[in-house]
Amino acid sequence: SPRTRDLFPVIVHTLVMREGHVLLLRRAGTGYGDGLLQPPGGHVHAGESPTDAALRECREEACIDIARADLLPLCVMPYQSLDASGAPAGQGVDFLMRCERFSGEPQVGEPHKADHIGWYPVDALPVRAVPFLADAIACLREGRWFHEFGFPGS
C-alpha cells in the first residue's frame, strides 16, 4: 500500500491589542471549543500565506481591516492536542501574529462560529480562554519566536 503521512493543520491567530487588552471571540456552534474565548484565527487555505490568512480571518471573524505593514509576526507554535484521556489526538502548527492598529469597529462577523466579541485585559485573561492564549502572551512579553505547546516537556 502507498505510504501515508499525517496531515498537520496550519493555523493562524492574531492578537489584536489595544491599551493593554486583547480582542477575543467566544466560539459557538462549531462543535469544537464552544464557549471558549480565542483571538481571531483559523486554517490557512491552500495557496494562501499565513499573513494573508491572518488578514482574511480578522476581516471575516471580527470585521476589522489590518494593513499588511501593521501585522507583525509574534511566534510559531507547533501544538499537540490531547483527548479526554490525555492521549495525543492531533497536532499542527499555529502562526501567531499581533497588531495594534486596525480599521473598523470589532463585531462578530460569523455568528455561526462565535456569539460574542470583546476586549479582555492581558494581565487578567479570562478563565474560559483557549489554553494557548496565556502561552502566546508569554511569548509576546518574553520576545520568544518559537514555543511548543502541549508536547511533553513543553
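Which residues does arginine 56 touch, not counting residues up to four places away in sequence? The legends below start with that residue, and every view shows a predicted model.

View 1. Welcome to the first close-up! Arginine 56 touches His43, His45 and Glu48, leaving aside residues up to four places away in sequence. With a relative accessible area of 10%, arginine 56 is buried. Proline 40 is 16 residues away along the chain, and its C-alpha atom is separated from that of arginine 56 by 9.7 Å.

**View 2. A network of salt bridges around arginine 56.** Here you can follow Glu48, Arg56, Glu57 and Glu60, which are linked in a network of salt bridges. For arginine 56 and glutamate 60, the closest N and O atoms of the salt bridge are 3.1 Å apart. Both of these residues lie in helix H1, four residues apart, about one turn of the helix. Glutamate 60 is partly exposed, at a relative accessible area of 31%. The side chains of arginine 56 and glutamate 57 are also joined by a polar contact of 3.1 Å.

**View 3. Two salt bridges elsewhere in the chain.** The structure holds nine salt bridges. In one of them, the side chains of arginine 26 and aspartate 115 meet at 2.7 Å, N to O. This pair links distant parts of the chain, with arginine 26 in strand E2 and aspartate 115 in strand E7, 89 residues apart. Arginine 26 is partly exposed at 32% relative accessible area, and aspartate 115 is partly exposed at 45%. Another salt bridge brings together the side chains of arginine 141 and aspartate 123, at 2.3 Å from N to O. Arginine 141 lies in helix H2 and aspartate 123 in the loop between E7 and H2, so this pair ties together parts that are 18 residues apart in sequence. Both arginine 141 and aspartate 123 are exposed.

**View 4. The largest nonpolar core.** Take a look inside: this core has 19 residues, and those with the most contacts within it include Leu15, Val22, Leu24 and Cys75. Strand E1 (10-18), strand E2 (21-27), strand E5 (72-82) and helix H2 (132-142) are the elements that give two or more residues to the core. Helix H2 gives the most, with five residues. Leucine 15 touches several residues beyond its sequence neighbours, among them Val22, Leu74, Met97, Leu133 and Ile137. Apart from this core lies another, of 17 residues, including Leu23, Leu25, Ile66 and Ile117.

**View 5. Glutamine 38 in strand E3.** Strand E3 spans residues 37-38. Glutamine 38 is buried, with a relative accessible area of 9%. Not counting residues up to four places away in sequence, glutamine 38 touches His13, Leu23, Leu24, Leu25, Arg27 and Val130.

**View 6. Two aromatic pairs.** Phenylalanine 102 is in the loop between strand E6 (88-99) and strand E7 (114-121), while tryptophan 119 is in strand E7, 17 residues apart. Phenylalanine 102 is partly exposed, at 22% relative accessible area, and tryptophan 119 is partly exposed at 22%. The other pair, tryptophan 145 and phenylalanine 146, is tilted, with 5.5 Å from centre to centre and 55° between the planes. Tryptophan 145 is exposed at 61% relative accessible area, whereas phenylalanine 146 is partly exposed at 37%.

Terms used
Residues are numbered from 1 along each chain as its sequence is written. This is a predicted model: local features need pLDDT of at least 70, side-chain atom pairs count only at pLDDT 80 or more; totals for chains, interfaces and linings use all residues. Side-chain values use heavy atoms; hydrogens and water are left out. Rings of Phe, Tyr and Trp (its six-membered ring) pair if their centres lie within 6.5 Å; planes under 30 degrees apart count as stacked, over 60 as edge-to-face and the rest as tilted. Buried means under 20% relative accessible area, exposed over 50%, partly exposed in between (1.4 Å probe, protein chains only). Contact means heavy atoms within 4.5 Å. A polar contact is a pair of N or O atoms within 3.5 Å; within protein, one must be able to donate a hydrogen and the other to accept it, and residues adjacent in sequence count only if both atoms are side-chain atoms. A nonpolar core is a set of buried Ala, Val, Leu, Ile, Met, Phe, Trp, Tyr and Cys residues joined through side-chain atoms within 4.5 Å. A salt bridge is a side-chain nitrogen of Lys or Arg within 4 Å of a carboxyl oxygen of Asp or Glu.
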